[in-house]
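Dear colleague,

Please find below the structure that I am handing over to you. My notes on the ligand and its surroundings follow it.

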Amino acid sequence: MKILFLNGPNLNMLGIREPDIYGRQTYAALEDTIRAACDARNVECEIFQSNHEGVLVDMIQSAYRVVDAIVINPAAYTHTSVAILDALKAVALPAVEVHLSDISAREAFRQISYAGMACEKTYAGYGFDGYIMAIDYLLDKYGKS
Ligand code: DQA
């Protein structure tokens, strides 16, 4: 099984940005966590971060017929991007939404998730573990091994 992990704007600033909300671990540590979890489960992974909406749309499109599933933390684009929603719908791959923080307990503007409308599952508020939960969900449902 091959999973594409997409991370949106400012997640490259993990460890520096609002540590009380997002924790003190760096983006490199997040990548290491995802890679280790995938290796342990015999899952192939590609991990990508961008601060640009169109680049994330391009990455989703390029996943078509190339990967088996997408795990996406669209970060701030979660709450604004119809383009990312449409791209996820276009490729129609199994997709899981992850947020480090519990967006349901935060500001009103974070209560809507456009990307989430194209995802079959959301894990929010579990920190890095949310990504591992997403992998296990996808493996359970779509695993080939
Ligand atoms: C986030 C939550 C978003 O509301 C925010 O804009 C982010 C990160 C999270 O992982 O908790 O940048 O997606």
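A charge is taken to sit over a ring if NZ of Lys or CZ of Arg is within 6 Å of the ring centre and within 35 degrees of the ring normal. In this predicted model, the charged end of Arg17 meets that description: its place is over the ring of Tyr22, at 4.1 Å from the ring centre. As for pairs of aromatic rings, the count is zero.

Arg17 and Tyr22 also belong to the surroundings of the ligand. The site itself is the largest pocket, where the ligand sits.

- Ser101 has a polar side-chain atom 2.6 Å from a ligand oxygen.
- Asn73 places an N or O atom of its side chain 2.8 Å from an oxygen atom of the ligand.
- Arg110 likewise has a side-chain N or O atom at 2.8 Å from a ligand oxygen.

On its own, the ligand has 320 Å² of accessible area, and the protein covers 98% of this.

With kind regards

Notes. Residues are numbered from 1 along each chain as its sequence is written. This is a predicted model: local features need pLDDT of at least 70, side-chain atom pairs count only at pLDDT 80 or more; totals for chains, interfaces and linings use all residues. Side-chain values use heavy atoms; hydrogens and water are left out. A residue is near a molecule or strand if one of its heavy atoms lies within 4 Å of it. A polar contact is a pair of N or O atoms within 3.5 Å; within protein, one must be able to donate a hydrogen and the other to accept it, and residues adjacent in sequence count only if both atoms are side-chain atoms. Accessible areas come from the Shrake-Rupley method with a 1.4 Å probe; for residues, only the protein chains shown count as cover. On a 1 Å grid over the protein atoms alone, a cavity is a set of points where a 1.4 Å probe fits but cannot get out, and a pocket is an open set with protein on both sides within 12 Å along at least five of seven lines; lining residues have an atom within 4 Å of a point. A molecule sits in a cavity or pocket if more than half of its atoms lie within 2 Å of its grid points. Rings of Phe, Tyr and Trp (its six-membered ring) pair if their centres lie within 6.5 Å; planes under 30 degrees apart count as stacked, over 60 as edge-to-face and the rest as tilted.
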